[in-house]
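Biologist: I have a structure open and would like to learn how to read its features one by one. Could you walk me through it?

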Amino acid sequence: MKKLSILKAVAALGFFASTAIAAPVIKLGHVDGSEWQTSKKGSAAIIFKKIVEGETDIKVEIFPAKALGNESEMIQQVQEGITSMAIVSGAMSKVCPAASVLDIPYTFSSPSVAWDVLDGQFGKELSAHCLEETGLRTLAYGETGFRNFTNNTKEIKTPADMKGLKFRVMPIPLYVEMVKGLGGEPTPIAWSELPNALSTGVVDGQENPVGTIYNNKFHKLQKYMILDNHVYGADFIVINDELFGMFTPAQQEIIQKAARIAGTMGRAIQQFNTADGVTKIVAEGMKVYSPTKDELNQFKKMAQPAVKKWLASELGSDSVWIKKLDKAVQEATN
Ligand code: MLT
């Protein structure tokens with residue numbers, strides 16, 4: 001775990017004083033927009049600020065829209081105590097590899113199963129493990145949404161329809177393995193290059209949550225979407241643990257409570273984005289397919305073993321988290 005110098009900690013909390021100790025400041029960064037009606041991380045940050053400022057003398061400064069950098073940069077800042085808190089998604093598994101088990105495709109059959117797993121024993125154990133590995137305390141889990149495939153070539157109903165199609169994936173090896181397992185051709189491309197790759201036909205398709213697809217107008221560049229919900233994206237609401245330890249127990253309780261409510265808020269806004277996004281995407285001409293249970297099972301059967309095999313060898317001793325997650329999902333599903 002990265003140790004933090006007391007000076008950095010004091011600076012990050014804003015314990016700067018002239019004559020007396022001023023109110024501490026929590027600096028909270030995220031990559032989403034700043035308004036609360038459609039931004040999952042934005043809404044989470046705003047309600048966190050309202051509760052903490054309403055119930056303590058702590059000030060919360062929000063830095064939205066990558067103002068502090070990308071997710072990996074923010075994680076590093078929080079680890080070093082330069083920033084106090086961040087709301088991050090995929091980048092968490094770069095510093096805490098066990099968290100990547102959440103990306104095993106077709107693991108969660110519904111948002112409520114994911115919520116039960118993350119808010120239950122599994123989520124607590126993962127949070128304790130990542131704290132040990134990184135010095136980041138996960139106060140709560142929010143939501144960045146289920147990811148779905150879109151493409152511009154043909155309607156996909158089963159993995160057989162993916163054969164020969166090129167899909168842009170994030171430059172994350174697990175996603176390459178997933179698309180390979182499904183019989184498609186994965187092409188890792190940076191997010192910033194994605195609109196260009198879609199409009200020039202470098203790739204036939206891509207995968208992202210509905211809200212992201214709609215907000216970035218990918219439905220204008222792609223004809224088809226299958227709501228296969230392959231990966232559930234969780235948000236991690238994290239704070240530097242040493243900074244957290246500098247608050248009084250009463251303040252810590254309020255920070256913890258505010259983060260849980262923030263996670264719930266982010267989940268609700270994300271659910272709204274999905275429902276609203278599908279309606280608008282269909283109205284604007286995209287063909288959207290909801291697979292049957294049997295068709296979904298075909299996706300799961302092809303993608304999961306391939307990804308699990310690859311991930312187990314990547315994670316080494318951390319591969320125990322694959323079994324832990326399977327057990328938790330089974331309990332939450334029954
Ligand atoms: C991506 O596809 O690169 C990400 O899903 C973009 C994002 O984090 O919104």
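Biologist: Let me start with C96. Is this residue buried or exposed?

Modeller: Keep in mind that this is a predicted model. Burial is read from relative accessible area, and a residue counts as buried when that value is under 20%. C96 has a relative accessible area of 0%, so C96 is buried. You will find C96 in the loop between α4 and α5 (111-119).

Biologist: Which residues does C96 touch, leaving out those up to four places away in sequence?

Modeller: Contact here means heavy atoms within 4.5 Å. By that reading C96 touches H129, C130, E133 and T134. Take E133 as an example: E133 and C96 are 37 residues apart in sequence, yet their C-alpha atoms are 6.4 Å apart in space.

Biologist: Now a whole helix. How many residues of α7 are buried?

Modeller: For a helix, go through its residues one at a time and then ask what covers them. Helix α7 spans residues 173-181 and is mostly covered, with seven of its nine residues buried. Those buried residues are L174, Y175, V176, E177, M178, V179 and G181. Their cover includes the strands β4, β5 (166-169), β6 (185-188) and β7, along with helix α12. Look just past the helix as well: G183 takes a positive phi of about 95 degrees.

Biologist: And α3, which of its residues are buried?

Modeller: In α3 the buried residues are E71, M74, I75, Q77, V78 and Q79. Check both ends of this helix too. Just after α3 comes G81, with a positive phi of about 80 degrees.

Biologist: Next, the nonpolar core. Which residues have the most contacts inside the largest one?

Modeller: To read a core, follow buried nonpolar residues joined through their side chains. The largest core here has 57 residues, and F108 and L126 have the most contacts inside it. Helix α12 gives this core its largest share, six residues. If you set aside neighbours within four places in sequence, L126 is in contact with A98, A99, L102, Y141, F236 and W321. Another core, of 22 residues, lies apart from the largest one and includes I26, V52, I87 and I237.

Biologist: Which element gives the most to the lining of the second largest pocket?

Modeller: That is α12, with six residues. The second largest pocket holds about 470 Å³ of space. Of its 17 lining residues, Y106, T107, F108, S109 and K300 are the closest to its centre. The lining divides into five nonpolar, seven polar and five charged residues.

Conventions. Residues numbered from 1 in each chain as written. Predicted model: local features only at pLDDT ≥ 70, side-chain atom pairs only at ≥ 80, totals over all residues. Heavy atoms only, no water. 1 Å grid on protein atoms, 1.4 Å probe; cavity = no way out; pocket = protein on both sides within 12 Å on 5 of 7 lines; lining within 4 Å. Points joined across faces, edges and corners; volume = space filled by probe spheres on them. Helix = DSSP H or I, 4+ residues; strand = E, 2+ residues; numbered from the N terminus. Nonpolar A, V, L, I, M, F, W, Y, C, P; charged D, E, K, R; others polar. Core = buried A, V, L, I, M, F, W, Y, C linked by side-chain atoms within 4.5 Å. Buried < 20%, exposed > 50% of the residue type's maximum accessible area, 1.4 Å probe, protein only.
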